[in-house]
Amino acid sequence: MVPIFTLKLNHKINPRMVAVGKFDGVHPCLTAATQAGKVFIHNPHDRGQRPATHRLSQSTQDSDISLLNINQAVTCLTAGTLGPNTTGDTLLVGSQTNLLAYDVHDNTDVFYRDVTDGANAIVLGKLGDISSPLAIIGGNCALQGFDYEGNDHFWTVRFDANTSHGITSLLVGSEDFDIRVFKEDQLVSELNENETVTSLCHMHGSRFGYALANGTVGVYDRTARYWRIKSKNHAMSIHAFDLNADGVVELITGWSNGKIDARSDRTGEVIFKDNFSSSVAGVVEGDYRLDGQVQLICTSIEGEVRGYLPASKDLKGNLMDSNAEQDRIRELSQRRQNLLLELRNYEENAKGVSQTNSGMGVIPANTQLQTTLSVRAATEAQKAHVELSISTPNETIIRAVLIFAEGIFEGESHVVHPSVQNLSGCVRVPIIPPKDIPVDLHIKAFVGGRTSTQFHVFEITRQLPRFSMYEITEDSPASPAGTVSFSVNERPQRVVMWLNQNFLLPEMVESPNVTFNSLRGGGLMSFHMASNGQVDEFHSVHQKLTADMADHSNYIRNMLVQAEDARLMADMKTMKKRYRELFDLNRDLINEYMIRSNNHNALVSRLKSVNQAIQRAGRLRVGKPKNQVIAACRDAIKSNNVNALFRIMRAGTASS
């Protein structure tokens, strides 16, 4: 499969800032951010004279390109339908301080708004019950949604968002390694990854693709991950496109080494690949030849553009060319050689058994790999950690251990290779999980005799519990200062089961009343549960509101029935009385609604002011301290600790 068109544009392209828009409503134009705070618009369909304006000017290097002067570094851009009565698509360009909505066809600004939180990512779409499309901006610590007039219709301050993709739901990736799913402004799901999320794309239904800063790409369906792969290169852009014409979109990935590949959304198998001479800048789609067929359009940072058509019916599902097939043959040949070598080793081991040659790696038949996990407090020589102990039950020794774990080790793998003098049947590996998430440890151990030259490979998988960096303590000097009380519809035995599954305990606990010491921060965490449960104040308020609503509904229904009965019986006096009562009740309900609406608007206004204050406090710091200040402010708000919030903004920490 080869590209159907190739373009050489004389402009460099910024990574992840490429879009296709029909600005006149008919002709698709390739749009991308370039150097010196400019955006170029490639329009090969209209080669007439284009008038220069205060922002738009003609490129001196290419007659098909117009340049839009932004006069500051572009951080994100997209194109799409924003207004209800616009002729074509609107171009949206974001920077660290502003958002510009531009009508390319009419050469006018639609709106220009200050974005104090910055614009790291932008997406166009409808969200929730809001009727008009929104331009949703992902900033440093907030999400904002603007309509075609520049009005702020959507806003939330809860998370550090730096990239997003939304249709009716909103996917938000963040620098704290999480992918969050919003329904309007409500968080409905949260997925934990092991690196900064750089790209997200919707595929079909509830399935979406993602890319991380460490070179990982994969596919989720709701909260279940279908597959993922990791490369030494970085994924610069991902896009969903049905390239093999099988009716299901594939995940198209552009890499920093110039490679383009298409992978099955179900298995991750590569079905097509191609290469640029430089890093890929973006992957988009559009009918760029105006022949009624949508092409996959790939761009490089050097300005090279290639367009690919979906496969024809006779090539459906098979896009790999002869070179790829030869690569597959070479791969199978290498596997054959490895299997032959493994077979030869087995044959030599069989001879070693008959000749009692201990150097051939023969081990007792009852040899097993035993693993234990335990919590180790900090000492003068070593930090607090979780100790993984790997051992064998007989005289065999462990020559080497390979551990594969996501998000714990640099490169996701760790090798322990004891020296010859320290060989034994037990290897201890310290593990320090950076976050409270469950992790699967995939362990491979090389086991043999002390004089063996060939070793047996044992493979085993252990799960590290979510709260493995907490040590149970019997005698605590003092109880934690902060407390929270809530009711759960679970028996104490179920809570005990949850504790045993999510903490590393030396022995099974039988009571939910336990205390843990955090090995990261040193604080205490206690659990206390009453078997009869508690009725929280919020629950009683909820019941009262529900009862009031039921009473009002019954009252309205009865008055309507009585008023209609009086009307049918020509009792005008009673009918007027009932309708007057109904009118008074309706007025009271409207007044109550106005009070609640005013309170809600005041709350939103105060939250926005608090968020802006947090942003200003964060911008006084750089790098990790900035994120720490924002996270500490969030914790202070959650705990309703106003004094701590002020101390954090002034000094950067809650400690006095």
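**A strand and its two partners**

Strand β23 (residues 235-241) and strand β24 run antiparallel and are joined by 6 bridges; strands here are DSSP runs (E, at least two residues; helices are H or I, at least four), numbered from the N terminus, and two strands pair if DSSP finds at least two bridges between them. This is a predicted model, in which local features need pLDDT of at least 70 and side-chain atom pairs count only at pLDDT 80 or more, while totals for chains, interfaces and linings use all residues. Residues are numbered from 1 along each chain as its sequence is written, and side-chain values use heavy atoms, with hydrogens and water left out.

**Pairing**
- Within β24, Gly254 stands opposite Ser237.
- On pairing with strand β25 (residues 259-263), β24 again runs antiparallel, over 4 bridges, and Thr253 has Asp261 in β25 as its bridge partner.
- The hairpin of β24 and β25 has 3 residues between the strands, and Gly258 there takes a positive phi near 95°.

**Burial of β24**
- In β24 (residues 250-255), 6 of 6 residues are buried, where buried means under 20% relative accessible area and exposed over 50%, with partly exposed in between (1.4 Å probe, protein chains only).
- In a regular strand the side chains alternate between the two faces of the sheet.
- Both faces of β24 are covered, with Glu250, Ile252 and Gly254 buried on one side and Leu251, Thr253 and Trp255 buried on the other.

**An exposed residue**
- Phe486, in the loop between β37 (470-472) and α2 (492-502), is exposed, because its relative accessible area is 57%.
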